[in-house]
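Please consult the sequence and the structure shown below while reading.

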Amino acid sequence: VPMDIHSLIITNLQGNILYSRYCDTETDLQSILQWETTLYTMTVSSWEEAKASQQIAMSGSTFIVYRAVDELIFFLSGGGEENEVTLSLFLKDLVTMFQFWFKKGLTESLFLAHYSRVCVWMDDVITNGCINLTDRAVIEQFYSLTWKEEKSKK
């Protein structure tokens, strides 16, 4: 069953946005800036707790789940039929996939060094606000082959 999400935002521990994906095609720049300000204001006081466990917040009818891992904070938001349990499960899987992909740790420098791969990967996983690829084994196999192919070209 496809899952509709509002946005996926990945920041460093200082709150600087490294990656953002807005799934509503009608989202304009003003709305994005307002959402990012709201997200920061609502969650910054619990970023330390987010290192130990996933946190949940709500803005209007939009659920926000977030988790800090190593040097990155992952924020996933959705509304409508999506509830915090569904979003939490997907965020957990998403973080696990990043940990699989970045075996040396989720550092800001490693994330930025592989930014183009992250963008391609997220295009495969999320399309038009729908989570398409959630089978961990399929994702691991696909990206393991991608990494092996690139290493063999060197």
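Strand β1 (residues 7-12) runs antiparallel to strand β2 (residues 17-22), and five bridges join them. Strands here are DSSP runs of E with at least two residues, helices are runs of H or I with at least four, and both are numbered from the N terminus. Two strands are taken to pair if DSSP finds at least two bridges between them. Within this pairing, Ser7 stands opposite Tyr22, while Thr11 has Ile17 as its bridge partner. Four residues lie between the two strands of the hairpin, and Gly15 takes a positive phi near 95 degrees.

Strand β1 is also joined to β5 by six bridges, again in an antiparallel arrangement. Here Leu8 stands opposite Leu76 in β5. Six of the six residues of β1 are buried, so the strand is largely enclosed by the rest of the structure. Buried means a relative accessible area under 20%, exposed means over 50%, and partly exposed lies in between, with a 1.4 Å probe and protein chains only. The burial covers both faces of β1: Ser7, Ile9 and Thr11 on one side, and Leu8, Ile10 and Asn12 on the other.

## Basis and confidence of the model

The model is predicted; local features need a pLDDT of at least 70 and side-chain atom pairs count only at pLDDT 80 or more, whereas totals for chains, interfaces and linings use all residues. Residues are numbered from 1 along each chain as its sequence is written, and side-chain values use heavy atoms, with hydrogens and water left out.

The mean pLDDT of the chain is 82, and 77% of the residues score at least 70; pLDDT is the predictor's confidence in each residue, from 0 to 100. Confidence is highest in helix α2 (residues 47-50), at a mean of 96, and lowest in helix α6 (residues 136-153), at 56. Where pLDDT is low, the predicted coordinates should not be read in detail.

## Overall composition

The chain contains six helices and seven strands. Read from the N terminus, the order of these elements is β-β-α-α-β-β-β-α-α-α-β-β-α.

Of its 154 residues, 42% count as buried. The accessible surface is about 8600 Å², and 52% of that surface belongs to carbon and sulfur atoms; such areas come from the Shrake-Rupley method with a 1.4 Å probe, and for residues only the protein chains shown count as cover. Among contacts with a separation of 6 or more, 52% are between residues 24 or more positions apart, a contact being heavy atoms within 4.5 Å.

Strands β3 (residues 55-59) and β4 (residues 62-69) run antiparallel and are joined by five bridges. Gln55 stands opposite Tyr66 in β4. The hairpin has two residues between its strands, and Gly60 in the turn shows a positive phi of about 65 degrees.

Asp70 is found in the loop between β4 and β5 (72-78) and counts as partly exposed, at 48% relative accessibility. Although Asp70 is not a glycine, its phi is positive, at about 55 degrees. Most residues other than glycine have a negative phi.

## Leu106 and its surroundings

Which residues does Leu106 touch, not counting residues up to four places away in sequence? They are Val69, Asp70, Glu71, Leu72, Phe74, Phe98 and Gln99. Leu106 is found in the loop between α3 (84-101) and α4 (108-113), and it is buried, with a relative accessible area of 1%. Leu106 and Asp70 are 36 residues apart in sequence, and their C-alpha atoms are 5.5 Å apart in space.

In helix α5 (residues 115-125), the buried residues are Arg117, Val118, Trp121, Met122 and Val125. Seen down the axis of α5, they fall within an arc of 130 degrees, so they line one face of the helix; the arc is that of the directions from the helix axis to the C-beta atoms.

The chain has one salt bridge, defined as a side-chain nitrogen of Lys or Arg within 4 Å of a carboxyl oxygen of Asp or Glu. The salt bridge joins Glu48 to Lys51, with the closest N and O atoms 3.4 Å apart. Glu48 counts as exposed, at 56% relative accessibility, and Lys51 is partly exposed, with a relative accessible area of 39%.
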